[in-house]
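Here are my notes on the model, as numbered points. Please read them with the structure open.

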Amino acid sequence: MGSDDTGARPTRPTRRTFLSASAAATAATAATVAMPALAAPAAADTLPAGPGRPARAQRPDRELRELLRQVDPRRIEATVRRLAAFGTRHTLSSQDDPQRGIGAARDWIHARLQEYAATSGGRMTVELQSYVQEPASRIPTATRITNVVATLRGQTAPNRTYVVTGHYDSRVTDVMDAVSDAPGADDDASGVAVVLELARLMATRPTAATVVFAAVAAEEQGLYGSAYLAQQLKAAGADVQGMFSDDIVGSSTADDGTRDPHAVRLFAEGVPTAETPAEATTRQSVGGENDSPSRQLARFVRDVAENDATDMRVRVIYRRDRYLRGSDHISFLREGWPAARFTEPNEDFAHQHQDVRVQDGQQFGDLPEFCDFAYIARVARVNGAALWSLAQAPGTPRGAIIVTTDLTNNTTLRWQRGDEPGLAGYEVVWRETTAAEWQRMIGVGDVTEVSIDLSKDNVFFGIRAVGHNNLRSPVAFPRPGA
């Protein structure tokens, strides 16, 4: 829901490309970066002329396809129905009743994640992450807020972290009503079901980077649980390079009966929530409103998750969230991390934030009967494709600079080399300033500087890392520098 207030084998470009390393060294390192299976590029007549090959989507490999194939709609349905059966999961409801209230839901989720962790060979740990929230907006008395968090520790880059959340609290028409039935099937047992299913499947599979699976609380009261989770990760020094909130992903049917069962919306902000005044000045000077880290994360999701293995179309929405709403990704945006929100393509507001009732012959309330469990499974596959690809690829390049010390008609880019053992090299991507997606890519090998005979004044550039496993990172958008 939300609070109401709130690579590839390098190719020699058609124009001159000069690398900082020697040609021989570049050729030697570049040879290690093999071209993965890629989707067809956009039609040739839509591509700009210039260096590089058409940019293409990254196709799922056999390992990812097998993971996605195992997503089980029946398990997802069982999770949604069980959570709805706790009666209410309101943040202010009972924390001690074993059958009804948020405490019972918390304990059930914790038990499930512990079961999955037991299959991980020690890689996954589970905790009840609690704190006492003093009286605040929508929290009238001191209240214990508890997130249920499973952490799958990465094997070679454990500090690099990706997070996926669903919120397990629920509400009815009156946001302060902690007594009435609030089944919260779509909002947001559906998102919790996605998180649990992915935790189950990924627990048995080693990843390079760390993945955090979290059922967070108090979203409906004001994003309290996710704010605490983000603060704890920040305090621990985690390098969070991507976060997804799955919130209202249970149905594809709108109030007028319109259905779009093979699409999911992904909300991604442009101007970063945590942008500093100095960063704003730079952006106003050179552009980049459409190139925030969150927009690059959204482009990455489309590249890896819009294919036959998910059977889904990812509709990226260039907004932080919907009107009058805000989900848990905002807590991560406030910490300066890339984050985006998945939600269903069409909403039926009679089944969100409503007292359970029949009025004028219409059923109101967020009940399991209005969920499409096969659809939730497809959303889980989209999340799974994104998280797996992120966790197995090299990290997003750091320190990306576009050199602006001289007036020239070419472009020099610099970046810091990553330290992952699986790093094979880098690609430069570019596009027309009016294009939403990257249009061309240039494999440059294992180097940290490249000069391209293409004016930085006319196009946008980015840099991404490529692993020996042929997986690419999200793109880093360079800032002006020396």
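1. Glutamine 392 touches Pro206, Thr207, Ala208, Asn469 and Leu471, leaving aside residues up to four places away in sequence; contact here means heavy atoms within 4.5 Å. Glutamine 392 belongs to helix H11, residues 373-392. Helices (H or I, at least four residues) and strands (E, at least two) are DSSP runs, numbered from the N terminus. With a relative accessible area of 17%, glutamine 392 is buried; buried means under 20% relative accessible area, exposed over 50%, and partly exposed in between, with a 1.4 Å probe and protein chains only. A polar atom of its side chain lies 3.3 Å from the backbone oxygen of proline 206.

2. On the basis of these notes: this is a predicted model, in which local features need pLDDT of at least 70 and side-chain atom pairs count only at pLDDT 80 or more, while totals for chains, interfaces and linings use all residues. Residues are numbered from 1 along each chain as its sequence is written, and side-chain values use heavy atoms, with hydrogens and water left out.

3. Of the 76 residues in the largest nonpolar core, Ile109, Met124, Tyr168, Phe213, Phe244 and Val301 touch the most other members. A nonpolar core is a set of buried Ala, Val, Leu, Ile, Met, Phe, Trp, Tyr and Cys residues joined through side-chain atoms within 4.5 Å. Helix H11 gives the most to this core, with 13 residues. Isoleucine 109 touches Leu83, Val148, Tyr168, Val192, Leu196 and Ala215, again not counting residues up to four places away in sequence. A second, separate core has 19 residues, including Ala400, Leu423, Val444 and Val447.

4. How many aromatic pairs are there? The count comes to 5, where rings of Phe, Tyr and Trp (its six-membered ring) pair if their centres lie within 6.5 Å; planes under 30 degrees apart count as stacked, over 60 as edge-to-face and the rest as tilted. Phenylalanine 244 and phenylalanine 342 form a tilted pair, 5.4 Å centre to centre with 45 degrees between the planes. This pair links distant parts of the chain, 98 residues apart: phenylalanine 244 is in strand E7 (residues 239-246) and phenylalanine 342 in strand E10 (residues 339-343). Both of these phenylalanines are buried. Phenylalanine 332 and tryptophan 337 are also a tilted pair, at 5.9 Å and 40 degrees, and both residues are buried.

5. The count of salt bridges is 29, each being a side-chain nitrogen of Lys or Arg within 4 Å of a carboxyl oxygen of Asp or Glu. Arginine 59 and aspartate 308 meet in one of them, at 2.7 Å, N to O. The two lie 249 residues apart, arginine 59 in the loop between strand E2 (53-54) and helix H2 (62-69), aspartate 308 in the loop between helix H9 (293-305) and strand E9 (313-317). Arginine 59 is partly exposed, at 26% relative accessible area.

6. Where do the partners of the bridge between arginine 464 and glutamate 427 lie? Arginine 464 is in strand E18 (residues 459-467) and glutamate 427 in strand E15 (residues 423-432), 37 residues apart. Their side chains meet at 2.7 Å, N to O. Arginine 464 counts as buried at 5% relative accessibility, as does glutamate 427 at 1%.

7. Asp247, Arg265, Asp321, Arg322, Arg341 and Glu347 are linked in a network of salt bridges. Within this group, the closest N and O atoms of arginine 322 and aspartate 321 are 3.2 Å apart. Arginine 322 is buried at 10% relative accessible area, and aspartate 321 is buried at 8%.

Definitions and conventions: Polar contact = N/O pair within 3.5 Å; in protein donor to acceptor, adjacent residues only side chain to side chain.
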